[in-house]
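Below is a short briefing on one protein chain. It goes from the whole chain to its sheet, and then to a single residue.

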Amino acid sequence: MASHRRPKQPSRARVTVLTTAAAAAVVLSANAANAAPSEKLSKDEVKAKVDKLYEEAEQATEKLDGAKDKQQKLQKEISTIQDNVARGQEDLNKLRDSLGSLATAQYRSGGIDPSVQLFLSSDPDDYLDKASTLDQLSSQQVEALKKIQDKQRELAQERAEATDKLKDLSATRTELAKQKKAVQSKLADAQKLLNTLTAKEKAALDAEQAQAASRASSRVDLGNTGSASGRAAAAFAAAQSVIGSPYVYGASGPSSFDCSGLTSWAYAQAGVTIPRTSEAQANAGTRIYSQSDLKVGDLIIFYGDYHHVGLYAGNGQVLHAPHTGAVVRYEAMSDMTFEFGVRI
C-alpha cells in the first residue's frame with residue numbers, strides 16, 4: 001500500500017534564515033543597481049595622490065638604504081671576526097702542540113710531569129689554579145699554559161660577538177625585506193592611479209613637469225659657486241654631469257640614483273665619503289638654517305623626518321633625484337619643505 005505521509009515541513013528557524021538571506025540579496029541587488037558609478041579622479045587629483053605615494057615610497061626607500069648599509073657593515077664585521085677566530089684557533093693549536101712536545105720530552109726523560117698530565121687529561125680552564133700548588137711545573141710550562149688559557153678566552157669572546165652580530169644581521173635582513181615590500185607597494189599603488197589617466201592627460205602631466213624643470217633650470221644661479229669649497233663645487237659638478245639619469249630606489253650611481261644615492265655619489269667623485277642615507281647625511285657637517293647662507297654644493301635636507309636630500313644649486317633651486325618616474329633635475333626648493341642645509 002502506498003504511503004500517504006505528508007512531506008516534512010521546513011523548520012521555522014530555517015524559513016527565517018532563508019527569508020532573511022533572500023531579503024538581503026534583494027536589498028544588495030537594489031543598492032548595486034541604484035549605486036552611482038565611482039567618479040573618475042581629475043588629472044590634478046591623481047597627481048596629488050601620486051605625489052603623496054611617491055613621498056611615502058621615498059621614506060621607505062631611505063629606510064631600505066639604511067638597512068642595506070647596516071647589512072653590508074655587519075657582513076664585513078662578521079667576516080673580520082671569523083677570520084680572527086680562524087687565526088686564533090691556529091695559534092691555539094700551535095700552543096697546544098708546543099705543550100704536547102714538552103710532555104713528550106718529559107716522558108722520554110722519565111715520565112710525564114703530573115701537572116702536564118693533569119692538563120692533558122682534564123679541563124684546562126681551571127688548570128692554573130690547581131697547578132699553582134705543584135712545584136714540578138716549569139716556568140716554560142707556566143708560560144705556555146697561560147698563553148693557551150688567554151687564547152681560549154679571547155676565542156670565546158670573539159665567537160660570542162660573532163653570534164650576536166649574526167643575530168643582528170638576521171634582524172636587519174628581515175627589516176630590509178619589509179622596507180622593500182613597502183616601497184614596491186607604494187609604487188604599485190601610484191602606477192595604478194597613473195593608469196587611470198587617459199593618454200592625453202598623461203601627456204599634459206608630463207608637459208607640466210617638464211616645464212617646471214625647465215623653469216627651475218633657467219633660475220639656477222651658479223654665480224656663487226666660487227664661494228663654495230672646492231669639494232662642494234666638485235660634488236655639484238659631478239651631479240650636473242648626470243642630469244637626466246633616472247631615479248631608481250636603492251641606486252647610488254653611476255647611471256641611476258635615489259636622492260641620497262645621488263648626493264653620496266657626487267661627493268665621492270669629489271673624494272669625500274659621506275653617509276649613504278639622507279637622515280645620516282643630515283648630521284654629516286655643519287647645519288645651515290638660513291637659505292640666504294647656502295652655497296652651491298651644500299646638502300639640503302627636506303621634511304621633518306629628513307627623508308629627502310639634494311644639492312643646493314643657487315637662487316632657491318635644488319639639484320636632486322626626486323622620485324620614481326622622474327630623472328635627476330633642478331627644482332624649486334619651495335616645492336618641498338626645507339629643513340636646513342648641511343655644509344660638508
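Residues 24 or more positions apart account for 68% of the contacts in the chain with a separation of 6 or more, where contact means heavy atoms within 4.5 Å. The model is predicted: local features need pLDDT of at least 70, side-chain atom pairs count only at pLDDT 80 or more, and totals for chains, interfaces and linings use all residues. Residues are numbered from 1 along each chain as its sequence is written, and side-chain values use heavy atoms, with hydrogens and water left out.

**Whole chain**
- The chain has 9 helices and 6 strands; these are DSSP runs numbered from the N terminus, helices being H or I of at least four residues and strands E of at least two.
- Of its 344 residues, 36% count as buried, that is, under 20% relative accessible area (1.4 Å probe, protein chains only).

- An open sheet is formed by 6 strands in the order S1-S6-S2-S3-S4-S5, with antiparallel pairing; two strands pair if DSSP finds at least two bridges between them.
- S1 (286-288) and S5 stand at the edges with a single partner strand each, so one side of each has no neighbour in the sheet.
- On average, neighbouring strands of this sheet are turned by 40° against each other, direction ignored.
- S2 (residues 299-302) is joined to S3 by 4 bridges, and leucine 299 stands opposite leucine 311 in S3.

**Strand S4 and its surroundings**
- S3 (residues 308-314) pairs with S4 over 3 bridges in the antiparallel sense, with leucine 311 opposite leucine 319.
- The hairpin of S3 and S4 has 2 residues between the strands, and asparagine 315 takes a positive phi near 55° there.
- S4 is also joined to S5 (residues 329-332) by 4 bridges; tyrosine 330 is the bridge partner of leucine 319 in S5.
- In a regular strand, side chains alternate between the two faces of the sheet.
- In S4 (residues 317-320) both faces are covered, with Gln317 and Leu319 buried on one side and Val318 and His320 buried on the other.
- Helix H6 (residues 199-219) lies across S3, S4 and S5, at about 85° to S5 (angles run from 0 to 180 degrees between N-to-C directions of axes fitted to C-alpha atoms, for helices over the stretch in contact).
- H7 packs on the sheet and touches S3, S4 and S5, its direction making about 105° with that of S3.

**Serine 245**
- Serine 245 is in the loop between H7 (230-240) and H8 (259-269).
- Serine 245 is buried, with a relative accessible area of 12%.
- Its side chain reaches the backbone oxygen of valine 242 at 2.8 Å.
- Leaving aside neighbours within four places in sequence, serine 245 is in contact with Ser255, Phe257, Val327 and Val328.

Terms used: Buried < 20%, exposed > 50% of the residue type's maximum accessible area, 1.4 Å probe, protein only. Polar contact = N/O pair within 3.5 Å; in protein donor to acceptor, adjacent residues only side chain to side chain.
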